[in-house]
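The plan is to look things up one at a time and jot down what I find.

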Amino acid sequence: MFSGTKKPTDPIKVLEKKYLYKKIELTENLNSQLKSGLKGAVLEVINTDKVFAEFYDGKGKQIKRKNEFVFEIRMNQFKLKN
């Protein structure tokens with residue numbers, strides 16, 4: 001019944017299922033505006049090490065820096081929020 005072979009799994013698809021559109025919190029300071037504890041959301045998984053994310057200030061307004069609303073961050077610079 002079962003052949004014992006597994007269907008190849010795309011690592012990006014696995015990461016998208018885990019992180020895409022989920023709420024996150026920065027775990028380290030990235031620059032003067034993006035500081036540890038800042039909340040945001042993952043918009044796109046770039047590869048196994050990086051994502052594009054957006055962040056919000058304390059009033060819920062999207063943070064803009066150098067005319068950019070979306071920031072590239074490494075996987076080890078944030079954690080998922082419940």
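**Ground rules.** I'm working with a predicted model, where local features need pLDDT of at least 70, side-chain atom pairs count only at pLDDT 80 or more, and totals for chains, interfaces and linings use all residues. Residues are numbered from 1 along each chain as its sequence is written, and side-chain values use heavy atoms, with hydrogens and water left out.

**The sheet.** I looked up the strand order first. It reads β4-β3-β2-β1-β5, an open sheet of five strands with antiparallel pairing. β4 and β5 are the edge strands, each pairing on one side only. On average, neighbouring strands are turned by 50 degrees against each other, direction ignored. For my own reference, helices (H or I, at least four residues) and strands (E, at least two) are DSSP runs, numbered from the N terminus. Two strands pair if DSSP finds at least two bridges between them. I checked β3 and β4, and they pair in the antiparallel sense over four bridges. Within that pairing, F52 stands opposite E72 in β4.

**The helix.** α1 lies across β2 and β5, and runs at about 155 degrees to β2. Such angles run from 0 to 180 degrees between N-to-C directions, with axes being lines fitted to C-alpha atoms, for helices over the stretch in contact. Contact here means heavy atoms within 4.5 Å.

**The core.** How many residues does the largest nonpolar core have? I found 16, and I24, L34, V51, F55, I73, M75 and F78 have the most contacts inside it. α1 (11-19), β1 (23-26), β2 (39-45), β3 (50-56) and β4 (71-74) each give two or more residues to this core. β3 gives the largest share, three residues. The term covers buried Ala, Val, Leu, Ile, Met, Phe, Trp, Tyr and Cys residues joined through side-chain atoms within 4.5 Å. Buried means under 20% relative accessible area, exposed over 50%, partly exposed in between (1.4 Å probe, protein chains only).

**Charged pairs.** I count three salt bridges, each a side-chain nitrogen of Lys or Arg within 4 Å of a carboxyl oxygen of Asp or Glu. K39 and E25 meet in one (3.5 Å, N to O). K39 is in β2 and E25 in β1, so this pair ties together parts 14 residues apart in sequence. K81 forms another with E25, at 3.0 Å between the closest N and O atoms. Since K81 lies in the segment after β5, that pair ties together parts 56 residues apart in sequence. E25 is buried at 12% relative accessible area, while K81 is partly exposed at 33%. The remaining one is K50 with E72 (3.2 Å, N to O).

**Two loop residues.** R65, in the loop between β3 and β4, is partly exposed at 26% relative accessibility.
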